[in-house]
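Welcome! Here is a short briefing to read alongside the sequence and the 3D view.

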Amino acid sequence: MNIYGITRENLEKYFVDQGEKKFKASQIFEWLYQHRVKKFEDMTNIKKDLQDKLKQDFSMDMITIQKKQVDKLTSKYLFKLYDGNFIEAVLMQHDYGLSVCISSEVGCNMGCKFCESGRLKKVRNLEAHEMVEQILIIEEDIQKRISSVVIMGIGEPLDNYDNVMSFIRIINDSKGIQIGARHITLSTCGIIPKIKELMNENIQINLAVSLHAPNSSLRNKIMPINKAYDIKELIKTIREYISKTTRRVTIEYVMLDGINDNESQAKELIGLFKGMNIYINLIPYNETENIGFKKSNKETIMKFYDILKKGGINVTIRKEFGSNIDAACGQLRSKER
Ligand code: SAH
């Protein structure tokens with residue numbers, strides 16, 4: 001087991017099983033995430049025999065940076081995993097702080113037609129520690145603290161639910177990396193049973209749902225997941241999520257030229273969400289060479305925005321990051337395989 005993938009609660013159980021005091025788990029967390037030591041020997045308030053036992057039971061190996069590309073406000077990291085797979089994460093400098101977009105799986109099986117990341121089929125889940133390490137290593141690289149995390153890189157986080165939840169608990173822990181739940185955003189293409197599970201977790205993270213179409217017939221065409229979990233049921237679930245958690249949900253809507261960007265589609269969206277505690281984030285599509293979709297032009301996006309706004313919907317247009325270094329939304333896909 002890798003130490004960076006264990007929640008404090010599970011580490012407490014481990015110590016209790018060893019006949020040790022529970023608070024040792026907090027001490028270990030402080031060494032790992034506040035002092036950032038890389039060896040059990042450096043944990044000076046832990047007795048030598050317990051250090052040896054920990055060394056036997058846990059690995060401290062980390063993923064490694066294979067390559068880094070930097071462009072103004074954005075850096076893209078290519079990480080090599082212990083089994084030779086590669087994943088990517090993106091660091092973004094906002095006016096409110098630094099955020100990291102992390103990957104949750106090696107590849108993705110959701111098959112959204114416009115998405116580059118999904119062209120590499122899922123090879124495996126990422127372990128919780130591999131997600132935690134994306135953050136630790138970027139913080140070490142830049143010698144600064146990250147203030148927010150978005151789970152929007154390669155993969156569908158709700159298709160790797162348990163590991164993603166452990167990851168969230170670890171980075172959110174008051175003895176851990178201490179990223180506030182309200183600074184953590186999980187983005188899903190809409191796996192309904194898992195959204196239902198998430199609403200019972202009692203954690204105040206932000207949920208973003210990739211909608212990208214206002215009705216079943218179009219959504220079926222561009223997002224195959226809609227055939228399993230239909231948009232009507234999805235919206236019902238979002239409603240339930242909001243009433244259960246009292247949290248506002250983000251609806252992501254990528255603007256595809258001639259596909260989902262006309263006036264009547266904007267009006268359909270208003271019909272779906274009128275009166276709900278959501279906001280719609282319009283995402284300028286990032287074109288990639290292998291996929292035929294085109295980005296909507298600026299005027300079309302503005303018009304769409306205005307219709308939603310006049311219809312009483314909270315709406316924003318996402319700032320584009322990193323398109324020069326293939327680090328924009330949906331462009332993460334290791335070319336190193
Ligand atoms: N699987 C999750 C998270 C990863 S995708 C999800 O579907 O939400 C993150 C976001 O990027 C999703 O909204 C996805 O639809 C969007 N996306 C994919 N390809 C894109 C592209 N080329 N340009 C802009 N956004 C894209």
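Predicted model: local features only at pLDDT ≥ 70, side-chain atom pairs only at ≥ 80, totals over all residues.

Residues are numbered from 1 along each chain as its sequence is written, and side-chain values use heavy atoms, with hydrogens and water left out.

- Helix α2 (residues 24-34) gives the most to the side of domain 1 that touches domain 2, with 5 residues; helices here are DSSP runs (H or I, at least four residues), as are strands (E, at least two), numbered from the N terminus.
- The domain assignment, automatic or from a database, places domain 1 at 3-57 and domain 2 at 64-334.
- The contact (heavy atoms within 4.5 Å) draws 12 residues from domain 1 and 17 residues from domain 2.
- Together the two domains bury about 1200 Å², with 55% of it on carbon and sulfur atoms; buried area is the accessible area (1.4 Å probe) that two parts lose on being put together, summed over both.
- Tyr 4, Tyr 33 and Arg 36 supply 42% of the area that domain 1 buries against domain 2, more than any other three residues.

**Salt bridges**

- Between domain 1 and domain 2 there are 4 salt bridges, each a side-chain nitrogen of Lys or Arg within 4 Å of a carboxyl oxygen of Asp or Glu.
- Arg 36 and Glu 139 join their side chains in a salt bridge (2.8 Å, N to O).
- The whole structure holds 23 salt bridges.
- One more pairs the side chains of Asp 173 and Arg 8 (2.9 Å, N to O).
- Asp 173 sits in the loop between α5 (161-172) and β8 (184-188) and Arg 8 in helix α1 (residues 8-17), so the pair ties together parts 165 residues apart in sequence.

**Around the ligand**

- Of the 18 residues around the ligand (a heavy atom within 4 Å), Glu 156, Ser 187, Ser 210, His 212 and Asn 286 come nearest.
- A ligand oxygen atom is 2.6 Å from an N or O atom in the side chain of Ser 210.

Methods:
Polar contact = N/O pair within 3.5 Å; in protein donor to acceptor, adjacent residues only side chain to side chain.
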